[in-house]
Structures are given as structure tokens and as C-alpha cells.
Amino acid sequence: MDDKGHPSLTLTHDQRAIAHYLGRKALEVGEANGNPETVDVSARQLFNNVNAIAAEIAITAHLNVAHDLTVKWPPAHHDFVLKNGTRVDCKWTRSRNSHLVVARNKRLTDCDLFLSMKGEGRHFKVIGWATPSMVMQDKYLRTDRTGWWVKHYDLIQARHCPPTMTLHDYIIFWMDNQ
């Protein structure tokens, strides 16, 4: 836990190396398939890609659920599945005061839960989560209509997980009782 009670996750050296490999591979696959975001691959894009994948690896290891380590085009609509069948799309942000960002091309049926994480390198924190119906409201739609941006304080906070429950069980409990 960090000083605000968010669950803290640390990758092993091998997990970070896998994230770096997959981040670079995802950019190559995207470029080969005409993804406009990968035309001029910069160090910043690689950094963002690697950290997004590292966050996925960290949370799936923490929750003890399977993570598909293959790079596909187009990318999957969700990153992993909880033991109760909940499809989760992990969203990474670098900034502490940032948002859960969901692209405009997402549909309500693409996943069951968006999970927001922050951090970089080997250290990540679980901020919180929201369902697609919570995210995809007009009040969160950017003025340029490129996607939904939800402030972290509007999410269901991971720090409220009772000490007697695992984060995995808390998310499932929340999903079953919303």
C-alpha cells in the first residue's frame, strides 16, 4: 500500500523485460497493420507502450489471473478475465493527477470493467475502476469527442478494499453487488 492506501505492485526484472519486449512488438505489429499511432515510433510511444503492458502484467500477477502475452492486431477489447468471468481492460497512466482515459472507439460491450493504474518502471499502483456505463457518460466525454476522461477520484477506489479481502475478491464482490 502507498501512503494513500492504494495497492502497490512491483514487477520482477524478468516481468519488466517481457513488458519491454511486448511493448516494442506491439508497435511493430501496429505499424505493419497501418496503425497511424505507430508511423513515427518515438521513445515516448515506446515508453508509454511498455509501461501500459507492464501495468497489465503487474495486476494480473497480483490478482493471480492469466494474461495473454501474445501481440495481436487489432488489439483485444479486454486485457484479462477475472475468475468470475469479468472482462477487464487495464488502463495505465503516468501521472498521479491524471484520468482513466477510454478511447472513443470503445463500445459498452467490449469489456465489463476498466481498471486504472499508475506508475512506471517496475512500480505500479492500482487506483480504482469503473464499469463502461459509468465511464461512457456525456459529462466525461472530452470536448473534442475523442474519448472519455474520468478523474481518478470519480472511480471506485481500490484503497477501500478491506484488509480481510484480496483485491480480486473485492472487485468481484463489488461487481456482484452494484
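What follows is a short chat about aromatic rings in this predicted model.

User: What are the ground rules here?
Analyst: The model is predicted, so local features need pLDDT of at least 70 and side-chain atom pairs count only at pLDDT 80 or more, while totals for chains, interfaces and linings use all residues. Residues are numbered from 1 along each chain as its sequence is written, and side-chain values use heavy atoms, with hydrogens and water left out.

User: How many aromatic pairs?
Analyst: Three aromatic pairs, where rings of Phe, Tyr and Trp (its six-membered ring) pair if their centres lie within 6.5 Å. One of them is Phe47 with Trp92, 6.2 Å centre to centre and edge-to-face at 70° between the planes (over 60 degrees is edge-to-face, under 30 stacked, the rest tilted).

User: Where do Phe47 and Trp92 lie?
Analyst: Phe47 is in helix H2 (residues 43-63) and Trp92 in strand S3 (residues 87-93), so the pair ties together parts 45 residues apart in sequence. Helices (H or I, at least four residues) and strands (E, at least two) are DSSP runs, numbered from the N terminus.

User: Is Trp92 buried or exposed?
Analyst: Trp92 is buried, at 17% relative accessibility. Phe47 is partly exposed at 24%. Buried means under 20% relative accessible area, exposed over 50%, partly exposed in between (1.4 Å probe, protein chains only).

User: Which residues form the aromatic cluster?
Analyst: Trp129, Tyr170 and Trp174. Both Trp129 and Trp174 are buried.

User: Switching topic, what sits over the ring of Trp149?
Analyst: The charged end of Arg142, 4.3 Å from the ring centre. The rule asks for NZ of Lys or CZ of Arg within 6 Å of the ring centre and within 35 degrees of the ring normal.
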